[in-house]
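Subject: Structure handover

Hello,

Here is the structure for your files, with the sequence. My notes come after it.

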Amino acid sequence: MLPKDKLGEVCEGLAEHYEKCKDFQRAATFLKMSGAKATNSGAMTESVDYARKTVDCLEQLPKSEEVLKKIIDIRTILAIRLMDLNYFHQSKEMINPIIKAAGEMGHTRRIAQIHTILGSYHFCVSEDFSLAFDHLYRSLEIARNLKDTN
């Protein structure tokens, strides 16, 4: 058994192995770890690729509230990474399938982030500044209520 503190060194290989074996639960775990590792090293394109693969794996799992929460989390994280790279269309496309579910689950922090993504999209792409600021103000209000500075 590999010590837990050594997983970061081999997470990419484990992710690939579990993907090939169609063990989507474990693949998603190691893909997410690989994405975080890529993000921390500044490899944003790799990070986006790992996050996309994580979404694909999670969406292969049997539907449950826990799986849906993970899908909301990783789709939101991926959308933020895409937004950081100025891929606003792709960012919005990534969150479209989860907007309703995030609201229904009361996933407050992710809802704030979704509003930021939508606000950025409407500001930079559709240039609907009124709608953009509506979303951005909602995001800010939620963050203030959560006392979230991120």
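This is a predicted model: local features need pLDDT of at least 70, side-chain atom pairs count only at pLDDT 80 or more; totals for chains, interfaces and linings use all residues.

Residues are numbered from 1 along each chain as its sequence is written, and side-chain values use heavy atoms, with hydrogens and water left out.

Fold. The chain has eight helices and zero strands, where helices (H or I, at least four residues) and strands (E, at least two) are DSSP runs numbered from the N terminus. In sequence order the pattern is α-α-α-α-α-α-α-α. The radius of gyration is 16 Å, close to the 15 Å that the globule rule gives for 150 residues, so the chain is as compact as a globular protein of that length. That radius is taken over C-alpha atoms, and the rule is 2.2 Å times the number of residues to the power 0.38. The C-alpha trace spans about 55 × 30 × 30 Å along its principal axes. Of the contacts (heavy atoms within 4.5 Å) with a separation of 6 or more, 50% are between residues 24 or more positions apart.

Buried residues are 39% of the 150 in the chain; buried means under 20% relative accessible area, exposed over 50%, and partly exposed in between, with a 1.4 Å probe and protein chains only.

Aromatic rings. Rings of Phe, Tyr and Trp (its six-membered ring) pair if their centres lie within 6.5 Å; planes under 30 degrees apart are stacked, over 60 edge-to-face, and the rest tilted. The count comes to four aromatic pairs. One of them is Tyr-18 with Phe-30, stacked at 5.8 Å centre to centre and 15 degrees between the planes. This pair links distant parts of the chain, 12 residues apart: Tyr-18 is in helix α1 (residues 7-20) and Phe-30 in helix α2 (residues 24-40). Tyr-18 is buried at 18% relative accessible area, and Phe-30 is buried at 12%.

The pair of Phe-123 and Phe-129 is edge-to-face, because the ring centres are 5.1 Å apart and the planes at 65 degrees. Phe-123 is partly exposed at 38%, as is Phe-129 at 40%. Ring pairs join Phe-123, Phe-129, Phe-133 and Tyr-137 into a cluster.

Regards
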